[in-house]
Amino acid sequence: MTKIKIGISQINNSFSGAHYLPYAAGVLQTYFQKYAKKNKYQFLIPLFKRIKVSDAVIQFKDADVVGFSLYSWNEQLSLAIAKALKEKNKKIKIIFGGPQVPDNSKEFLETNKFIDFVVNGEGEKVFLNLIESFDKKDFSNVEGISFLNNSGDFVMNPKPKRIGYLDDIPSPYLSGVFDDLINKY
């Protein structure tokens, strides 16, 4: 079985050459790996530090889906990478989430048509449900997303109930999600 390859970008700031591990990316991956209905997904090493757009495109060239965790310090670079990825591969699914994504994302999506979906609010459940819905191509029941439909109309699904217990989210530190990243860098 060919696995769906998922990339996550959470570009952090660095200080004196030190880089922070991409915690949000790690949490998305560990939650996904614990609750996915099928074992048909492969996560690529996340993008966590500033690199050239062309290098980021090379890093995610084999991805079927790339999720971007958007913050004020990485917004412009993330948008540039996502746009370049979509230009290189029209079939790649681009998902944006994080605190910098506007809650009402109509204008954001209309301005950045290379983005397929926006996650509004907590991303763990939403990211998983969205990617698992790709086979059906029906996103009407995926809570917490916004997108432009085939007619170009803005759709904003209601947000899901928030995760009530932090223990429902496995630790990316204890699960080994960061092991390859640490070994590489």
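Trainee: Which word describes Asp180, buried or exposed?
Mentor: The model is predicted, so to speak of local features takes a pLDDT of at least 70, side-chain atom pairs count only at pLDDT 80 or more, and totals for chains, interfaces and linings use all residues. Residues are numbered from 1 along each chain as its sequence is written, and side-chain values use heavy atoms, with hydrogens and water left out. Buried means under 20% relative accessible area, exposed over 50%, and partly exposed in between, with a 1.4 Å probe and protein chains only. Because its relative accessibility is 52%, Asp180 counts as exposed.

Trainee: In which helix is the place of Asp180?
Mentor: Helices (H or I, at least four residues) and strands (E, at least two) are DSSP runs, numbered from the N terminus. The run that holds Asp180 covers residues 179-184, and its name is α7.

Trainee: How many of the 9 residues of helix α5 are buried?
Mentor: Helix α5 covers residues 124-132 and is largely enclosed by the rest of the structure. Its buried residues include Val126, Phe127 and Leu128, and Glu124 and Glu132 are also among them. The number of buried residues in α5 is 7.

Trainee: How many residues of strand β5 are buried?
Mentor: One side of β5 carries Val65, Gly67 and Ser69 and the other carries Val66 and Phe68, and both faces are covered. In a regular strand the side chains alternate between the two faces of the sheet. Strand β5 (residues 65-69) is therefore largely enclosed by the rest of the structure, with a count of buried residues of 5 of 5.

Trainee: What is the radius of gyration of the chain?
Mentor: The chain has 7 helices and 9 strands. The radius of gyration is taken over C-alpha atoms, and the globule rule is 2.2 Å times the number of residues to the power 0.38. For 185 residues that rule gives 16 Å, so the chain is as compact as a globular protein of that length, its own radius of gyration being close to the rule at 16 Å.
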